[in-house]
Amino acid sequence: MNVVFEWQDAPTAEFAVIGDPISHSLSPRMHSAAFAALGLADRYVAIHVPRGEVAQALDHLRSLGYLGVNVTVPHKLDALLWAQDREPYAEKAQAANTLRLKDRACRNTDGPGFLSTLESRVAKNSPILMIGAGGSARALAVSLIEAGYSLRLFNRTMPRAEELAKLVGGNIEVIDAIRPEGVGLLLNTTSASLTGDELPIPWHSVEKNALAYDLAYSSTGTTPFLARAKEHGLATLDGRELLVQQGALSFEWWHGQDAPIEAMREALK
Ligand code: NDP
């Protein structure tokens with residue numbers, strides 16, 4: 001667990017991750033390992049920002065001289081709206097996960113980071129079942145559709161899934177109950193794992209060769225979603241490698257140099 005600062009009490013530092021909740025985030029540990037590996041004196045901290053206070057908090061961190069901020073649940077849209085110089089991909093996804101504070105610029109590294117974790121694990125001729133329609137789901141959907149995948153999309157609040165499909169366009173079928181038949185990848189983009197909630201998945205209908213991928217990760221090494229998937233004999237992947245890949249892209253944008261990926265990966269073990 002991180003030492004967490006309320007944004008009003010933010011310490012002197014150069015980089016931070018903001019979110020609500022934030023104590024679980026492994027970003028401080030991972031980025032601190034990257035700085036140490038390269039002999040940089042920068043500091044990266046976890047800052048709690050409640051809903052509705054993102055713009056105020058970012059203005060405050062900017063005034064303290066922070067250089068860069070990563071943004072996690074549930075603030076990716078508010079972060080995009082705060083930024084003035086918006087990368088087109090982040091604009092399309094309506095979600096920013098990386099900010100450069102000085103010039104109020106933003107990017108989204110979730111989509112490209114995610115695609116690099118997928119490599120050739122999932123064939124494009126079977127649909128992906130995506131659960132969730134929040135900030136990371138929007139970013140991943142944009143990248144997956146551009147990469148030629150088709151999506152079946154379920155969200156607890158169905159109108160949000162419909163909005164996502166309209167925003168992203170392409171081959172996305174919105175469904176009102178989870179139908180996993182024939183999918184090659186079952187992708188949990190919800191934050192249900194953070195609260196330990198179970199998702200209404202008919203596991204017996206999932207193909208045995210499907211991959212179950214949870215964007216979340218936990219200190220126990222599993223999540224309720226991945227535990228169920230393992231019980232049903234599925235291959236699983238948690239969000240650590242995505243954390244490394246999206247974090248490396250953030251690092252490279254901020255620092256203008258290659259990220260020490262091995263040191264970052266090692267820090268999460
Ligand atoms: P958002 O708050 O933007 O979206 C949350 C989504 O989860 C919404 O679709 C919401 O549904 C759904 N949800 C929340 N609670 C439940 C529940 N109990 N049951 C069912 N659905 C639920 O979050 P983000 O998209 O930013 O992040 C989502 C998750 O992905 C987080 O766990 C985050 O840590 C993880 N993540 C990990 C990354 C990594 O590097 N490993 C990168 C990006 C994200 P509704 O619309 O109905 O409220």
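**Chat about the model**

Tutor: Let's begin with T190: its relative accessibility is 16%, so T190 counts as buried, the cut-off being under 20%. Keep in mind that this is a predicted model.

Student: Where is T190 found?

Tutor: T190 is in the loop between β11 (185-188) and α8.

Student: And what does the side chain of T190 reach?

Tutor: The T190 side chain reaches the backbone nitrogen of A192, at 3.1 Å.

Student: OK, ligand time. Which residues come nearest to the ligand?

Tutor: There are 27 residues around the ligand, and the ones that come nearest are S136, N155, T157, R160 and D197.

Student: How far is the side chain of S136 from an oxygen atom of the ligand?

Tutor: An N or O atom in the S136 side chain is 2.5 Å from a ligand oxygen. For T157, an N or O atom of the side chain is 2.4 Å from an oxygen atom of the ligand.

Student: How much of the ligand's accessible area does the protein cover?

Tutor: On its own the ligand has 940 Å² of accessible area, and the protein covers 89% of that.

Student: Which pocket does the ligand sit in?

Tutor: The ligand sits in the largest pocket.

Student: Which elements give two or more residues to the shell around the ligand?

Tutor: Those are α6 (135-146), α8 (192-195) and α10 (240-255). The largest share comes from α10, with 3 residues.

Student: Switching to the backbone. Which peptide bonds are cis?

Tutor: Two to look at are D20 to P21, which is cis with omega near 10°, and V73 to P74, also cis, with omega near -5°.

Student: Where do P21 and P74 lie?

Tutor: P21 lies in the loop between β2 (15-19) and α1 (27-37). P74 is in the loop between β4 (68-71) and α3 (76-82).

Student: Go on, which residues have a positive phi without being glycine?

Tutor: Q94 is one of them, with a positive phi of about 55°. R104 is another, with phi near 50°.

Student: Where do Q94 and R104 lie?

Tutor: Q94 lies in the loop between α4 (88-93) and β6 (98-100). R104 is in the loop between β6 and β7 (105-107).

Student: Is R104 buried or exposed?

Tutor: Its relative accessibility is 17%, so R104 counts as buried. Q94 is partly exposed, because its relative accessible area is 24%, between the 20% and 50% cut-offs.

Student: Now some glutamates. Where is E231 found, and is E231 buried or exposed?

Tutor: E231 is in helix α9 (residues 224-231). At 54% relative accessibility, E231 counts as exposed, because the cut-off is over 50%.

Student: What does the side chain of E231 make a polar contact with?

Tutor: The E231 side chain makes a polar contact with the side chain of R228, at 2.8 Å.

Student: And how far is the C-alpha atom of E231 from the one of L185?

Tutor: Those C-alpha atoms are separated by 17 Å, and E231 and L185 are 46 residues apart along the chain.

Student: What about E53, where is E53 found?

Tutor: E53 is in the loop between β3 (44-48) and α2 (54-63). With a relative accessible area of 24%, E53 is partly exposed.

Student: Last one: where's the place of E14?

Tutor: E14 is in the loop between β1 (4-6) and β2. E14 is partly exposed, with a relative accessible area of 24%. From the C-alpha atom of E14 to that of R86, 72 residues apart along the chain, the separation is 21 Å.

Notes:
Residues numbered from 1 in each chain as written. Predicted model: local features only at pLDDT ≥ 70, side-chain atom pairs only at ≥ 80, totals over all residues. Heavy atoms only, no water. Near = heavy atom within 4 Å. Polar contact = N/O pair within 3.5 Å; in protein donor to acceptor, adjacent residues only side chain to side chain. Areas by Shrake-Rupley, 256 points an atom, 1.4 Å probe, with all protein chains shown as cover. 1 Å grid on protein atoms, 1.4 Å probe; cavity = no way out; pocket = protein on both sides within 12 Å on 5 of 7 lines; lining within 4 Å. Sits in = over half its atoms within 2 Å of the grid points. Helix = DSSP H or I, 4+ residues; strand = E, 2+ residues; numbered from the N terminus. Buried < 20%, exposed > 50% of the residue type's maximum accessible area, 1.4 Å probe, protein only.
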